[in-house]
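Visitor: Please take me through one part of this model in close detail. I would like to see where the two chains meet, and then what lies around that region.

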Amino acid sequence: MARFIVRRLLGMIAVLFAISVIVFLIFNVIPNSDPAARIAGKNADPALIARVSADLGLDKPLPIQYLTMMKQIFTGQLMSYAKDRNVVQQIWDGIPATFSLCIGAAVIWMALAVLFGYLSAMHAGKFTDRALTILSLVGISMPVFWLAAILLYFLTFKIQLFPTGSYVPLTEDPVGWASHLILPWFTLAVLFVGFYSRMLRSNMLDAMNEDYVRTARAKGLSERQVRIRHVLRNSMIPIVTLFGLDFGQVVGGGAILTETVYNLNGVGLYAGEAIRSLDLPPLIGVTLFGAFFIVLFNTIVDFAYAVLDPRIRLGEAAPA
Amino acid sequence: MVATVGEMEAPGEPPLPAGVPKSQIQGRSPWYLAWLRLRRNKVALFCAGVFVLIVLFCLAAPLWAEHVAHTGPNENHITEKVLIDGQPTNVVGPDGTPIGPGLHGQYLLGADQNGRDVMVRLMYGGRTSIYIGLAAAAVTTVLSVIVALLAGYYRGWIDSVLSRIMDVIWAFPVLLLGIALGTALAVGGLKIGPLAIAGDSIWIPIMIIGFVYVPYMARPIRGEILALREKEFIEAAVAQGKGPLRIMFSELLPNIISTIIVFFTLNIANNMLLESALSFLGAGVRPPNASWGTMIADGYEMIYTAPHLTIVPGLMIIATVLSLNVFGDGLRDALDPRAKIRLEH
């Protein structure tokens with residue numbers, strides 16, 4: 001067990017290191033992206049560019065620049081080139097909004113997916129199943145930002161059902177917090193409800209034909225107990241795995257679109273701004289932040305898998 | 001895999017009556033059996049039809065532009081007036097509100113804030129969006145198959161190295177990677193050896209979208225190759241003295257072709273969604289060129305006064321992506337009824 005954890009932690013660090021180097025290189029190899037030239041302005045003379053360059057430490061060799069940047073990230077001193085703000089502080093400030101959004105959406109998407117998938121499988125081929133299948137397919141075929149924009153138009157403007165405006169901290173006003181987040185939660189959840197409910201449906205239909213289900217019926221369990229305790233529970237294992245991976249992706253940058261349209265000042269919104277201004281320090285910061293959660297949840301999933309299913313030996317990766 | 005499919009009876013076909021001479025029994029290829037299964041799936045066929053119609057609709061863009069709308073996709077008409085119900089009307093009103101949809105040849109779907117004909121832009125934009133979806137799917141498929149064949153055939157350290165690279169790309173937040181590359185490459189273009197792409201070319205989003213989805217396709221295909229690699233026919237091929245390239249492309253590749261076809265179809269749908277997202281965030285198709293994503297981005301600025309600018313291109317994306325998703329599912333059921341391949345989003 002200890003060996004497994006140590007190995008996975010080392011793997012995580014290696015992946016994060018590789019990612020930071022790649023982002024760093026993308027921005028230093030790509031032509032015309034010299035930050036000093038951009039900050040100095042369009043018609044700056046070479047002397048000014050050189051001075052800006054020296055101020056930011058851009059005249060030093062690349063490995064030194066990289067090491068300095070990493071040191072600043074871990075000591076929390078990294079400043080953005082463009083606006084001269086502390087990157088770590090900005091990410092830190094964005095965490096409450098991003099986590100409120102992602103956790104709330106995750107609760108909704110799991111609850112609805114289980115409900116829809118269960119109903120679909122129990123009424124396979126009937127009207128309920130058809131309707132839910134169409135709904136799920138539309139959900140996974142919809143651009144997230146489009147759904148956000150349409151909901152914003154119809155539910156905050158046409159019918160003023162929900163308040164507009166950005167994130168309200170939970171500690172200040174719990175009701176305002178929830179009412180401002182209902183639309184974003186729902187928007188972010190739709191895609192996953194579609195995916196998960198379809199997957200749960202097919203898993204449950206497969207599980208219905210398994211021997212253990214017949215055994216459960218034969219020993220006299222009620223149909224309800226068979227469905228929930230045996231069929232549903234066994235069909236949930238792949239869903240839980242997927243949930244871990246997807247939750248990591250959503251926290252790690254998948255929420256950019258939702259945060260942008262609803263103007264929630266989370267990490268995603270900050271990432272969007274940083275990218276548009278081609279600002280390397282915030283970009284490295286948010287990419288590492290995102291990659292950290294993706295890798296972390298990957299590891300947690302592998303670990304949970306090994307605990308749930310003893311056939312998978314620790315130390316080997318779970319089947320992809 | 002191919003051999004076992006051949007032994008199966010096509011569903012819906014009555015078994016041959018006893019006493020029929022063997023010469024009358026026709027051989028059926030796996031492809032023919034798959035077609036028989038697909039033919040029974042009316043919903044999937046309907047969706048394939050919808051997709052073909054959408055493609056034809058977009059291909060007809062120049063015809064509509066020339067003969068009905070009399071304007072190109074990027075031509076502004078902010079200060080002009082058109083005759084609507086016999087009355088000259090401002091294309092873009094004094095308060096900046098463009099004319100809405102209505103039954104008139106010009107501006108059938110209204111105009112946008114620059115006085116451009118939304119119908120014309122929708123048709124041209126669809127060409128761009130579908131073209132990017134197809135081309136990026138081709139890029140992803142070629143790269144994934146190469147990675148999967150190399151990793152699955154050679155195994156050992158080659159597999160380890162390729163798999164670690166896939167892990168790293170996998171751990172990148174997809175949208176962040178896409179936007180970062182898109183924004184950065186738009187400034188200076190891309191130069192890899194003899195290959196040079198200008199910053200405003202639609203090949204920039206194509207390469208980016210094609211690249212970020214490689215791990216999602218390469219991983220499952222690699223798994224299939226690893227399983228096939230253990231089969232006797234590969235051993236036989238090695239014993240016959242066939243070289244690695246020959247085995248990869250004439251022994252392994254034909255056996256994964258049905259998986260590739262399904263992935264390709266579903267990948268087009270995913271690519272179109274990613275294209276729209278990148279364009280919406282300003283890192284995809286460059287203005288003034290139209291794609292459904294850029295049209296939503298432009299329209300979103302005016303959502304409260306002219307919602308049709310946002311709604312219409314979104315509905316087109318949904319129709320296209322939905323039809324591809326349903327058709328892709330149908331293809332999968334037809335080509336390999338027992339397989340559970342699924343493309344991650």
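**Where chain B meets chain A**

Guide: In this predicted model, 39 residues of chain B are in contact with 43 residues of chain A. Six helices of chain B each give two or more residues to that side: α6 (156–171), α7 (174–188), α9 (214–229), α11 (244–280), α12 (292–300) and α13 (308–335). The largest share comes from α7(B), with ten residues. By class, the side of chain B that touches chain A holds 28 nonpolar, nine polar and two charged residues.

Take one residue from helix α12 of chain B: B:Y300. Leaving out residues up to four places away in sequence, B:Y300 touches A:A149 and B:T310. One of these partners is in chain A and the other is in chain B. Is B:Y300 buried or exposed? It has 21 other C-beta atoms within 10 Å, and 20 or more count as buried, so B:Y300 is buried. B:S279 lies 21 residues from B:Y300 in sequence. In space, the C-alpha atoms of B:Y300 and B:S279 are 12 Å apart.

Now the nonpolar core. The largest one has 168 residues. The members that touch the most other members are A:L101, A:F145, A:A148, A:A189, A:V286, B:A180 and B:A277.

A:A148 deserves a stop. Its contacts, again without residues up to four places away in sequence, are A:T187, A:L257, A:T258, A:V261 and A:Y262.

Last, a helix pair within chain A. Helix α5 (residues 87–122) and helix α10 (residues 223–254) of chain A have axes that come within 11 Å. The axes cross at roughly 150°. Angles over 145 degrees count as roughly antiparallel, and α5(A) and α10(A) are therefore roughly antiparallel to each other. Their crossing is right-handed. From α5(A), the contact uses A:T98, A:C102, A:A106, A:M110, A:Y118 and A:M122. From α10(A), it uses A:R227, A:L232, A:F243, A:F247, A:V250 and A:V251. By class, this contact has ten nonpolar residues, one polar and one charged.

Note on methods
Residues numbered from 1 in each chain as written. Chains lettered and ligands numbered in written order. Predicted model: local features only at pLDDT ≥ 70, side-chain atom pairs only at ≥ 80, totals over all residues. Axes fitted to C-alpha atoms, helices over the stretch in contact; angles between N-to-C directions. Helix = DSSP H or I, 4+ residues; strand = E, 2+ residues; numbered from the N terminus. Parallel < 35°, antiparallel > 145°, perpendicular 65-115°, else oblique. Left-handed = near helix turned anticlockwise from the far one by under 90°. Contact = placed C-beta atoms within 7 Å. Nonpolar A, V, L, I, M, F, W, Y, C, P; charged D, E, K, R; others polar. Core = buried A, V, L, I, M, F, W, Y, C linked by C-beta atoms within 7 Å. Buried ≥ 20, exposed ≤ 12 C-beta atoms within 10 Å, placed from the backbone.
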